Amino acid sequence: MDYERYARQINLDGFGRESQDKLLNSKVTVIGAGGLGSIVLQYLTSAGIGEINILDYQDIELSNLNRQIIHNETNLGQLKVDSAKEKLEKLNANVKINTFNQKLEKKDLDSNLKFINESDLIIDCLDNFEARYILNDLALKYNKPLVHGAIEGMHGQVTTMIPGETPCLRCTFKTKENKDKVPVLGFTAGVIGSIQVGEAIKYITGYGETLKNKLLSVNLKNNEFLTFKIKKNPNCSCNGTN
């Protein structure tokens, strides 16, 4: 393995080749190749994650391009997963990129999603809570850690959920679905997506402290970063009591 590409992170005090090898031997599934996914996918690939699964079902629209910076005008009308794969393979040819052109649906809870079952970690880059709750239940089903991220306007939030150790998404949020397209300034996705990547790298390598049992709330309008402790809901189905 040529470690020169990763020299700047390997040289971090306490990181070293051992942590880099953990990244190179890991498999991460990213759900969504839009605003958050654009950032998450590029930084995971740059960091040297060994294998990345991308799930998305949408085509690229012009209104996506203010934040979905992995895509460009030449990709309009193309599947997001295809556009993302093309860019990522040019960014780091050593990373294996697998794509799944499909939408998360409740029926998936009864299916055998091998690509999730074989992953070390899932990253939530979705844009609606209906799909997030399905993803939450899949993470619990397959006992996989889930890095949640969400954005709206100039606000965002991140937490890392580990089955059996932390609250799940249903414990933490009781959100009614909003069918409207969420307004957002593109750089907000950049900030939150970058934090999600940091959570993934820290979880995989054990280098640093994750947002386990904590929710980071970011208000970029006034540059306010707040961290809240979160606890399991004893009546939530993730605890087996409901």
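The structure is a predicted model. Two packed helices are described by the angle between their axes and the distance between the axes. In this model, the axes of α3 and α4 cross at roughly 25°, whereas those of α2 and α8 cross at roughly 110°.

**Helices α3 and α4**

- Helix α3 spans residues 35–47 and helix α4 spans residues 80–91, and their axes come within 9 Å.
- Because angles under 35 degrees count as roughly parallel, the crossing angle of roughly 25° makes α3 roughly parallel to α4.
- The crossing of α3 and α4 has a right-handed sense.
- On the α3 side, the contact is formed by L41, Q42, T45 and S46, which meet A84, L88 and L91 of α4.
- By class, the residues of this contact between α3 and α4 comprise four nonpolar, three polar and no charged.

- H71 is located in the loop that runs between β2 (51–55) and α4.
- Its relative accessibility is 5%, so H71 counts as buried, the cut-off being under 20%.
- The side chains of H71 and S83 form a polar contact at 2.7 Å.
- Beyond its neighbours within four places in sequence, H71 is in contact with A33, S38, I60, L65, K80, S83, A84 and K87.
- One of these contacts of H71, A84, also belongs to the set of α4 residues that meet α3.

**Helices α2 and α8**

- Helix α2 covers residues 16–24, and its axis comes within 9 Å of the axis of α8.
- Helix α8 covers residues 186–205.
- Angles from 65 to 115 degrees count as roughly perpendicular, and α2 and α8 are therefore roughly perpendicular to each other.
- S19, K22 and L23 of α2 meet I201, I204 and T205 of α8.
- The contact of α2 with α8 divides into three nonpolar, two polar and one charged residues.

**S19, within α2**

- S19 is a residue of helix α2 and, at 6% relative accessibility, counts as buried.
- A polar atom of the S19 side chain lies 3.0 Å from the backbone oxygen of F15.
- Not counting residues up to four places away in sequence, S19 touches G14 and T205; T205 is among the α8 residues in the contact with α2.

**A131, within α6**

- A131 belongs to helix α6, which comprises residues 129–142.
- A131 is buried, its relative accessible area being 10%.
- The C-alpha atoms of A131 and L104 are separated by 6.3 Å, although the two residues are 27 residues apart along the chain.
- With neighbours within four places in sequence left aside, A131 is in contact with L104 and L126.

- Most residues other than glycine have a negative phi.
- N213 is not a glycine, yet its phi is positive, at about 65°.
- N213 lies in the loop between α8 and β7 (214–219), and its relative accessible area of 25% makes N213 partly exposed.
- N223 is likewise not a glycine and has a positive phi, of about 60°.
- N223 is found in the loop between β7 and β8, where β8 spans residues 224–229.
- At 59% relative accessibility, N223 counts as exposed, because the cut-off for that class is over 50%.

Key:
Residues are numbered from 1 along each chain as its sequence is written. This is a predicted model: local features need pLDDT of at least 70, side-chain atom pairs count only at pLDDT 80 or more; totals for chains, interfaces and linings use all residues. Side-chain values use heavy atoms; hydrogens and water are left out. Axes are lines fitted to C-alpha atoms, for helices over the stretch in contact, and angles run from 0 to 180 degrees between N-to-C directions. Helices (H or I, at least four residues) and strands (E, at least two) are DSSP runs, numbered from the N terminus. Angles under 35 degrees count as roughly parallel, over 145 as roughly antiparallel, 65 to 115 as roughly perpendicular and the rest as oblique. A crossing is left-handed if the near helix is turned anticlockwise from the far one by less than a right angle, and right-handed if clockwise. Contact means heavy atoms within 4.5 Å. Ala, Val, Leu, Ile, Met, Phe, Trp, Tyr, Cys and Pro count as nonpolar, Asp, Glu, Lys and Arg as charged, and the others, Gly among them, as polar. Buried means under 20% relative accessible area, exposed over 50%, partly exposed in between (1.4 Å probe, protein chains only). A polar contact is a pair of N or O atoms within 3.5 Å; within protein, one must be able to donate a hydrogen and the other to accept it, and residues adjacent in sequence count only if both atoms are side-chain atoms.
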